Each structure stands twice: as structure tokens, then as C-alpha cells.
Amino acid sequence: MSKKLSFTVKLLGMAGGVFLAAFLSLLAVWFYVQDWLKTPLQISDKGYVYELKQGQSLGHLANDLGVAGVLHHPRLLRLYARLNDANKVHAGEYFFPQGTTPESLLQKLIEGDVILYQVTFVEGWTVKQALAALAKLDSVEHLLAGKSAADQLVLLALPVQDLEGWIFPDTYSFSRNTSDVEILQNAYRKMRSLLDAEWEKRAPNLPYKNTYEALIMASIVERETGHHSERDQIAGVFVRRLQQGMKLQTDPTVIYGMGDNYKGRIIRKNLEEPTAYNTYVIPGLPPTPISLPSAASIKAALNPAPGRALYFVAKGDGTSEFSDTLDAHNQAVRRYQLNRRSDYRAAPPSAVEN
């Protein structure tokens, strides 16, 4: 064999050895990374909470977890994510339980599996109560607190002149630092969608000019209903009173008009005081809703029960006595006077305490 050929063989052998060594090194690295991806992070049994803020990258989280001693090799996490096109993560507050691995941590970040908080707006609440519930939550970004009603409407940017009644009562989930504006906008859209859908299925010949008047009626039905099965009957009473030109004469509207002056009881004097919401004085509907109506109350207002009853009074057990005539109603009032709940009474002035 010539010297030249011998040198070539030796060179190829060396190259092959280098290639093999490199291959084995890469293989070792690959196995190490696979093992590292499945190795639990240094997290206690209480778990670990981390907030990745808007504008921050995976690198911020990796560095912070590295400094905290939770994640070993933070640079490796960034490199692995970049090579696997997995570095687009969602901002938010995350909870990592004990047993979390770099692989499951990254998956949680990619999916945006953030901690969710909740707020519940209760059927029959007012907007004031809904805003108060939001104001108590430190997980919410407060943009509306301390603002006037007019300024709140500007921030909400909703096509309404008064927010009352437009917030659908439900439980809403949200991530930390979601604004109260965003939550209320979502609740408004839910109410708007439901109201429009039910309006299309409404009964004929209802005394409403538009969906807003139906919303007002639904809010009254919500506050007057003592038992859920009676919503459509109560709606029927109020619809017939409107159709016959009678005043609604419903206490919850009076109470709403009294505002902070209401101390848990109303008397004849309150029923005679002229306010925009006193339906013992004004004809027709009040100018705005008086509460957050449920889906059931909206359906009842748009599909009231047929009948002839024009009056009802609470029995004291959560149900009502319905009457076709004033005489029959006054008898029912006397029968249930001691057990009557003022919040559910729908009696004319002649049947109210002095």
C-alpha cells in the first residue's frame, strides 16, 4: 500500500472516529434532555405560583425560576422551546403543583392554563351591588372604582344610557388582572344576546315598544317573585295591568326609587311620594330596570301566563295568592297580613299599612 493511500485510510478512520464520538455525544445530550424534561421541578407540596406579566417572555419565567431554585438549567428550557417552536407563551398567573416537570410546565404555558378566579352576580341584585362585589376582589384590575356613573359608562363603551339591568346574573371566570370593565362587558353581551333571542320568541300583543321595556318588566318580575314557578303568573298580572291602563303598584319599584333612604320597610307615605320609580304614582313602566333579571324572568316577561288575575299578595310561604278583583285581593291581604313580606307585596294603596 502506498504511503498516500495509507494516509487516506488513516484520515478516514480518524474522521469516522470523530463522527462517531460526535454522534455518541449528541445521543448522550438527547437522552439527558429527555430525562431532564421529565424530572420534577423543586416544588413543595404546596405548589408554586408564578405570574407571567403582559410583555414578558418565557425567558423571564425561566430566569426567575432558576434564581428561585425551582428550575435547573433555565437556559436549556429556553433553547428547547426555541428549537421546538414552543416559545410563544400566554401571560397570566400560573399554579405549578408538586410533580411539575419542565415538559408539563412548558405545555401549561403554551396552552395558557392560568389560575382562574370567579365573581358571581346574583339574580335580583342591582348594578350597585354587582360593582361592589367586583370592588372587593384583589384579583381584578379596578378601572371603575370611584368613578361616577357617567364616567363608568364612558369606560365601558356600551350602547346604553343606564347600566342597570344590563348585567346578566351569572358566575364569571377570569384570570388575574382582568379589568372590571372587561368582566362587565362580557356580562352585558350575555344579557344582550339572551334578550334578543327571547324577543324573537315573544308572545303576541305584548305592551312593550322594544326590548328595553321588556328588560324593565323582567327586572320587576325578578324582584316580585317569591317562588320560581310563579314568574310567568306575576308577569301576566303586570302585563294585563299595563294593557288595561292600570298602574303597576309594585313595591320593589318604590324601594328602588328610595335608594339609600330605604331602611327595610315602606309605609303609605312612601307610596305617595312622587319619584320616577314610584309605580303607585306614575303610569306604565319605570324609566329603567330595577334589578339584574334572570333568564327565567326575561322569558316570563316575554311569555306571560294567560288569565284574568290583576292582583297578587305574598302568602308568607314563598308563594302568592292571585286575585281577579280588588275585593278578592283585599280579602287575601287581610288573610295573609301577618305573614306578608313587604318585598313581594303587590297591593294597591288601600291595602297598605299606614
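Visitor: Is Asp113 buried, partly exposed or exposed?

Guide: Asp113 counts as partly exposed, at 39% relative accessibility. The classes are buried for under 20% relative accessible area, exposed for over 50%, and partly exposed in between, with a 1.4 Å probe and protein chains only. Please note that this is a predicted model, in which local features need pLDDT of at least 70 and side-chain atom pairs count only at pLDDT 80 or more, while totals for chains, interfaces and linings use all residues. Residues are numbered from 1 along each chain as its sequence is written, and side-chain values use heavy atoms, with hydrogens and water left out.

Visitor: With which residue does Asp113 form a salt bridge?

Guide: Side chains of opposite charge can pair when their charged atoms come close. A salt bridge here is a side-chain nitrogen of Lys or Arg within 4 Å of a carboxyl oxygen of Asp or Glu. The partner of Asp113 is Lys108, and their closest N and O atoms are 3.3 Å apart. Lys108 is buried, with a relative accessible area of 18%.

Visitor: How many salt bridges does the structure hold, and which residues are linked in a network?

Guide: There are 12 salt bridges in the structure. Glu123, Glu222 and Arg231 are linked in a network of them. Within it, the closest N and O atoms of Glu222 and Arg231 are 3.2 Å apart, and both of these residues are buried. Another salt bridge joins Glu321 to Lys315 at 3.8 Å, N to O. Glu321 is partly exposed at 22%, as is Lys315 at 24%.

Visitor: Which residues does Thr250 touch?

Guide: Contact means heavy atoms within 4.5 Å. Leaving aside residues up to four places away in sequence, Thr250 touches Ile220, Glu224, Phe238, Thr279 and Tyr280. Thr250 is buried, its relative accessible area being 0%.

Visitor: How much space lies in the largest pocket?

Guide: Rolling a probe the size of a water molecule over the atoms shows where empty space is left. On a 1 Å grid over the protein atoms alone, a pocket is an open set of points where a 1.4 Å probe fits, with protein on both sides within 12 Å along at least five of seven lines; lining residues have an atom within 4 Å of a point. Grid points are joined across faces, edges and corners, and the volume is the space filled by probe spheres set on them. The largest pocket holds about 600 Å³. Of its 23 lining residues, the closest to the centre are Thr126, Val127, Lys128, Glu164 and Tyr256.
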